[in-house]
Amino acid sequence: MLSSQSAPVVRATLPAVGASLGAITELFYTRMFQERPELLRGLFNRANQANGAQREALAGAVAAFATALVDHPDERPDAVLGRIANRHASLGITSDQYTLVGRHLLAAVKEVLGDAVTPAVAAAWDEVYWLMANALVATEARLYAEAGVENGVVWRDMEIAERTEETADTASFVLRRPDGLPTEQFRPGQYISVQIELPDGARQIRQYSLSTAPGRKTWRITVKRERSADGRLPEGEVSTWLHTHARAGQVLQVSLPFGDLVLPDGDTPLLLASAGIGITPMLSMLDHVATVSPDRPVVVVHADRSPTRHAHRLELTELVSRLSHASLHLWYEDGAGEWDETVAGEPGEPRPSVVHVREGWADVTGLSLPRDTTAFLCGPLPFMQAVHGDLLAHGTGPAAIHYEVFGPDLWLSK
Ligand SMILES: Cc1cc2nc3c(=O)[nH]c(=O)nc-3n(C[C@H](O)[C@H](O)[C@H](O)COP(=O)(O)OP(=O)(O)OC[C@H]3O[C@@H](n4cnc5c(N)ncnc54)[C@H](O)[C@@H]3O)c2cc1C
Ligand code: HEM
């Protein structure tokens with residue numbers, strides 16, 4: 001909790017700090033990478049630095065944490081931090097690194113706000129920083145302990161056992177331990193980080209959701225190649241490297257699984273709504289449900305460009321068909337009519353009655369969802385925000401709607 005001296009100071013200065021958070025976080029990263037350039041090449045995602053997404057995510061998290069502290073000074077708002085702690089754990093962030101970050105963040109606050117930062121203001125914001133930092137360190141320590149590793153020791157060699165081209169833009173990679181032992185356990189919905197050494201010598205790390213159920217001897221990830229949208233922006237660095245170079249037999253540096261968007265145990269009804277490559281955590285959840293509780297009611301919604309761009313479409317259909325109370329609703333921007341040719345198993349085999357294929361944007365308003373449905377969303381932000389709005393209008397409680405963003409979480413700032 002915030003001390004009684006600092007609470008009024010933070011309350012009084014929150015509007016000024018909040019309004020300058022963009023400038024503060026920009027200066028913070030500039031200062032930190034000047035002192036420690038290897039962090040930009042070997043730990044931080046340099047595309048997110050170039051396009052500003054990480055600055056925005058950090059500013060959003062600090063603002064949300066400080067606002068919650070001011071509104072409820074007696075509580076430490078840990079809820080804001082679960083996603084960040086899991087992301088940090090998947091990168092192997094260590095507690096000693098918080099001193100460096102804190103030093104540069106507070107120096108940036110002083111530089112941007114100038115004389116307004118009196119010693120009392122500096123002390124109050126130092127306290128906010130360390131409340132956040134200590135909460136993150138504690139959660140990360142718990143995550144490392146649960147994973148059975150020392151502080152930050154999350155990286156492993158994993159061999160590519162199989163590579164499969166799923167669509168023109170997506171490939172899946174089955175990963176196994178080089179020592180032949182079973183892969184570590186995880187919860188459906190979690191992801192791993194993959195670390196790649198790029199041609200310029202920089203090591204870049206990206207996250208990929210595990211796309212099969214836990215409890216197998218192998219893990220699988222499915223990677224969409226990030227192409228340059230308009231020819232001006234660079235191609236995605238790691239996904240392009242994986243598509244171009246990664247082959248069966250190669251060994252990748254991979255983290256243990258982390259992530260706070262996980263399937264709850266039990267039998268309550270589920271809605272799994274994804275778009276594009278957002279299908280990956282849903283496949284893991286569905287595979288798990290099909291194995292452990294095939295009677296669980298599940299409504300699956302997936303939106304994609306076209307059936308041929310839809311990765312794992314046959315697998316998705318098969319998984320839904322293994323459940324006794326499930327339906328699959330597919331929306332394609334184009335070519336919905338081609339679905340049967342692209343998915344049919346045996347020639348002439350009818351489409352399972354639980355599969356509904358439509359053309360256009362996904363629309364969940366017409367679906368019949370039980371009141372106690374828990375919803376999981378994954379896909380581009382506009383897709384998730386549209387589904388989220390429709391679900392709230394439908395009567396689903398906000399606490400029952402969970403989402404995963406495949407990048408820094410900018411939901412609150414958009
Ligand atoms: C929890 C989580 C789970 C994920 N799961 C999956 C998954 O299952 N499958 C999957 O495919 N992906 C997944 N992702 C996304 C994945 O981690 C990567 O973000 C994705 O593969 C792109 O990485 P990249 O290195 O290829 O692209 P990057 O090099 O990171 O580039 C990303 C984008 O930034 C743009 N960019 C680069 N430089 C600039 C600049 N100067 N200005 C403006 N824009 C710029 C690029 O053009 C590109 O569009 C997940 C992400 C998270 C956080
Ligand atoms: C109180 C301190 C900190 C806060 C509030 C914070 C906040 C955040 C946030 C909001 C994200 C984005 C998470 C997401 O949306 O997925 C993030 C990611 C990250 N953080 Fe931190 N962080 C802190 C400390 C640290 C420290 C000490 C390090 C280590 C140097 C670090 C390294 C990273 C890295 C490498 C990423 C991923 C960046 C990317 O992929 O673009 N953070 N952090």
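**Labels and their grounds**

Guide: Valine 10 sits in helix H1, which spans residues 6–19; helices (H or I, at least four residues) and strands (E, at least two) are DSSP runs, numbered from the N terminus. This is a predicted model, in which local features need pLDDT of at least 70 and side-chain atom pairs count only at pLDDT 80 or more, while totals for chains, interfaces and linings use all residues. Residues are numbered from 1 along each chain as its sequence is written, chains are lettered from A and ligands numbered from 1 in the order in which they are written, and side-chain values use heavy atoms, with hydrogens and water left out.

Visitor: Why is valine 10 called buried?

Guide: Buried means under 20% relative accessible area, exposed over 50%, and partly exposed in between (1.4 Å probe, protein chains only). Valine 10 has a relative accessible area of 0%, so it is buried. Its C-alpha lies 33 Å from that of alanine 47, a residue 37 positions away in sequence.

Visitor: Is alanine 12 buried or exposed, and what makes it so?

Guide: Alanine 12 is also placed in helix H1. Its relative accessible area is 60%, and therefore alanine 12 is exposed.

Visitor: What makes leucine 175 buried?

Guide: Leucine 175 belongs to strand E2, residues 170–176. The relative accessible area of leucine 175 is 0%, so the residue counts as buried. Leucine 175 and glutamate 111 are 64 residues apart in sequence, and their C-alpha atoms are 47 Å apart in space.

Visitor: Which two features of histidine 312 deserve a label?

Guide: One is the backbone: histidine 312 has a positive phi of about 65° although it is not a glycine. The other is burial, because its relative accessibility is 3%. Histidine 312 is located in the loop between strand E8 (298–304) and helix H11 (313–321).

Visitor: How do you know that histidine 243 is buried, and what polar contact does its side chain have?

Guide: Histidine 243 is found in helix H9, and its relative accessibility is 9%, so it counts as buried. A polar contact is a pair of N or O atoms within 3.5 Å; within protein, one must be able to donate a hydrogen and the other to accept it, and residues adjacent in sequence count only if both atoms are side-chain atoms. A polar atom of the histidine 243 side chain is 3.4 Å from the backbone nitrogen of arginine 225.

Visitor: Which backbone atoms make polar contacts with ligand 1?

Guide: A polar backbone atom of proline 234 is 2.5 Å from an oxygen of ligand 1, and a backbone N or O atom of valine 238 is 2.8 Å from an oxygen of the ligand. For serine 209, a backbone N or O atom is 3.2 Å from a nitrogen atom of ligand 1.

Visitor: Which element gives the most to the shell around ligand 1?

Guide: Strand E4 does, with four residues. At least two residues each come from helix H4 (46–50), strand E4 (203–209), strand E5 (219–224) and helix H9 (237–245). Of the 25 residues around ligand 1, the nearest are Arg206, Gln207, Tyr208, Pro234 and Ser239.

Definitions and conventions
Near = heavy atom within 4 Å.
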